[in-house]
Amino acid sequence: MDQFRRIQTGKTGNIHLVMFKDKKILDDTVLDEIRTELTHMIGKASGPDVLLDFSNVEFMSSAMLGLLGQLHRKISTGHGRLKMCGIRPEILTVFKITNLDKLFSIHKDAPTALATFT
Amino acid sequence: MHDTTSGAGGGTRAGVDVLIAEDSRIQARMLERRLTEAGHTVRWGENGALALALARERRPDIIVSDIEMPEMTGYEFCKAVKTDPALRTIPFILLSTLSDPIDIIRGLDAGADNYVTKPYEPDYLLARMDALLATPLTAADDAGGEMLEVTLAGQKFRVRAGRQQVLNLLVSTFENAVSKNQELVVANQELSVARDGLQKSNEELTSLNAEISRINSHMIRDLKAAAKVQRSLLPPDDVEIPGTHVAWRYVPCQSLAGDFLNVFPLDAEHAGLFVVDVSGHGVPSSLMAVTVGRFLTPKVSDSSLLVRQGPDGRVTVVPPAEVATQLNRLFQADEFSGLYFTLLYGVLHLPTGRFDYCSGGHPALVRLPADGGDVEFHPMESFPIAFVPDVEYEQRSLQLVAGDRLFLYSDGVPEAMDKDRNPYGDEAMAACLRASRGQPIADGVAGLLSAVETWCVPEGPLDDVSILGVEWQPSSLTNDPSGRSSSSRPR
């Protein structure tokens with residue numbers, strides 16, 4: 001499995017698991033690296049199922065939402081599914097203000113989220 | 001690097017029986033290989049004691065010994081050989097680091113014939129072996145056995161050594177010094193070459209630095225120009241709109257911001273006001289802000305989304321929800337860049353106090369009622385602009401009473417973090433605005449900004465902070481009989 005600086009990746013069945021390593025996703029450089037690594041990970045897979053785990057993330061800039069939007073669009077275009085889990089209440093507030101908790105499929109934790117992929 | 005003119009390799013006598021004492025297996029193997037190549041017989045003991053046993057088993061022609069070894073050191077081994085009548089005339093070479101002059105005395109005392117300093121070239125060692133074997137010690141030479149007294153570093157040493165041995169040792173020490181000196185000369189030459197190279201690199205660096213500073217000053221100039229363009233998106237400091245009291249504050253966290261706000265008359269009866277917050281900071285976000293700003297202009301033009309002119313020349317105000325829907329459509333045109341923005345746009349009908357507004361993922365509209373009621377938050381569930389394609393945005397309305405205040409702001413206000421990363425929050429904002437009741441609205445807006453800045457001490461806000469406040473005061477509206485006419489007021 002490839003080694004990334006910003007994300008930890010795994011796979012169960014056909015579902016790509018992504019765990020963000022950073023506590024703070026605020027800096028533009030960090031964001032760009034995450035973008036590159038996610039793109040690299042999804043790579044050639046067409047319509048992949050992806051679960052993003054935010055358990056480590058304590059702070060996140062609004063620009064990260066944009067990145068998630070991009071990812072969401074890319075994955076849904078290929079008829080894949082993007083789900084998220086482990087989002088702290090403080091960060092979830094940002095999703096709620098922007099109504100994006102309705103756009104994204106958000107779950108409490110990884111097992112709960114994985115169960116919804118079937 | 002060594003001078004090997006004494007005939008290393010080819011001229012060496014062959015068939016010499018060499019005994020090596022060396023605790024490092026690797027070094028012993030390397031030396032053994034080189035000696036075997038030169039046609040010698042090699043035996044090896046990994047400490048002095050083992051080597052001594054080998055020497056007694058069969059008398060070698062020459063002994064090469066390391067100094068630091070377990071069991072029996074090179075000095076002890078040497079002394080044992082030199083005090084053994086059957087072995088004492090065997091030439092003995094000590095491999096020394098020669099880090100201390102006392103080493104020489106110790107070697108002399110032990111009876112060593114020669115020193116080779118480590119690290120050494122095998123050819124150099126071979127040459128020294130040749131030299132030693134060419135001038136063999138005679139039994140007579142070491143018979144003298146006079147005691148010599150040597151003072152070194154304040155310490156007296158009494159050593160017993162024969163004339164030939166002293167001579168050999170003297171020559172080897174001198175040769176060592178010459179060899180080391182040659183190495184030094186070469187090293188010095190290399191250093192001088194390196195220094196020249198360094199000087200050249202330094203000059204290149206200096207010129208690169210000048211280049212960087214030139215480019216940097218260009219970029220600063222461009223950034224300043226961009227910041228100036230961005231400021232043109234803001235209302236004048238002394239903005240006045242009949243029928244209202246307006247105040248605003250705007251603090252970008254970098255020279256270029258993603259936030260901007262504006263308030264302006266749309267026609268004789270309507271005022272438009274908005275706060276926009278583009279995700280991220282810096283050049284990309286500010287470019288998007290400027291682009292968005294072109295569409296949010298009250299001037300009748302092809303690009304304005306806020307007002308449109310019918311074929312009969314009548315200017316109509318576009319409802320806020322339609323503005324948001326249009327913006328969302330426009331900014332979906334490109335492949336989603338990851339940049340998006342939130343928007344709160346409202347239109348105040350000046351004669352009646354009806355406020356129509358629409359939010360695109362923006363923090364709640366806040367009302368401070370004139371009647372003494374508590375601060376109200378009016379959140380609206382909606383997606384940010386440019387995030388989701390083909391969204392029809394909804395519109396809400398608030399009926400104001402005279403003296404009601406509305407506050408629009410960016411998330412830099414409620415999400416401003418203190419040093420422990422606690423957000424300033426809606427509650428604190430409400431309390432601050434509540435406390436400003438009765439003061440002029442300009443003081444209320446300034447007070448909120450300073451509360452946010454105090455919250456963020458010492459680092460200051462990490463996000464742009466925008467605050468726009470409007471108080472509806474219909475009494476200040478001059479009763480203009482043409483007020484309801486359709487005359488446009490392009491400014």
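Trainee: How many residues does the contact take from chain A and from chain B?

Mentor: Chain A gives 15 residues and chain B gives 17 residues, where a contact means C-beta atoms, placed from the backbone, within 7 Å. This is a predicted model, in which local features need pLDDT of at least 70, side-chain atom pairs count only at pLDDT 80 or more, and totals for chains, interfaces and linings use all residues. Residues are numbered from 1 along each chain as its sequence is written, with chains lettered from A and ligands numbered from 1 in the order in which they are written.

Trainee: Which element gives the most on the chain A side that touches chain B?

Mentor: Helix 2 of chain A, with eight residues. Helices (H or I, at least four residues) and strands (E, at least two) are DSSP runs, numbered from the N terminus.

Trainee: New topic: in what order do the five strands of the chain B sheet run?

Mentor: The order is 2-1-3-4-5, in an open sheet with parallel pairing; strands pair if DSSP finds at least two bridges between them.

Trainee: And which are the edge strands?

Mentor: Strand 2 (41-45) and strand 5 (114-117) of chain B, each pairing on one side only.

Trainee: How many bridges join strand 1 and strand 2 of chain B?

Mentor: Five, in the parallel sense. Ile20(B) stands opposite Trp44(B) in strand 2 of chain B.

Trainee: Which strands does helix 2 of chain B touch?

Mentor: Helix 2 (residues 48-57) of chain B packs on strand 1, strand 2 and strand 3 (62-66) of chain B, and its direction makes about 160° with that of strand 1 of chain B. Axes are lines fitted to C-alpha atoms, for helices over the stretch in contact, and angles run from 0 to 180 degrees between N-to-C directions.

Technical notes: Contact = placed C-beta atoms within 7 Å.
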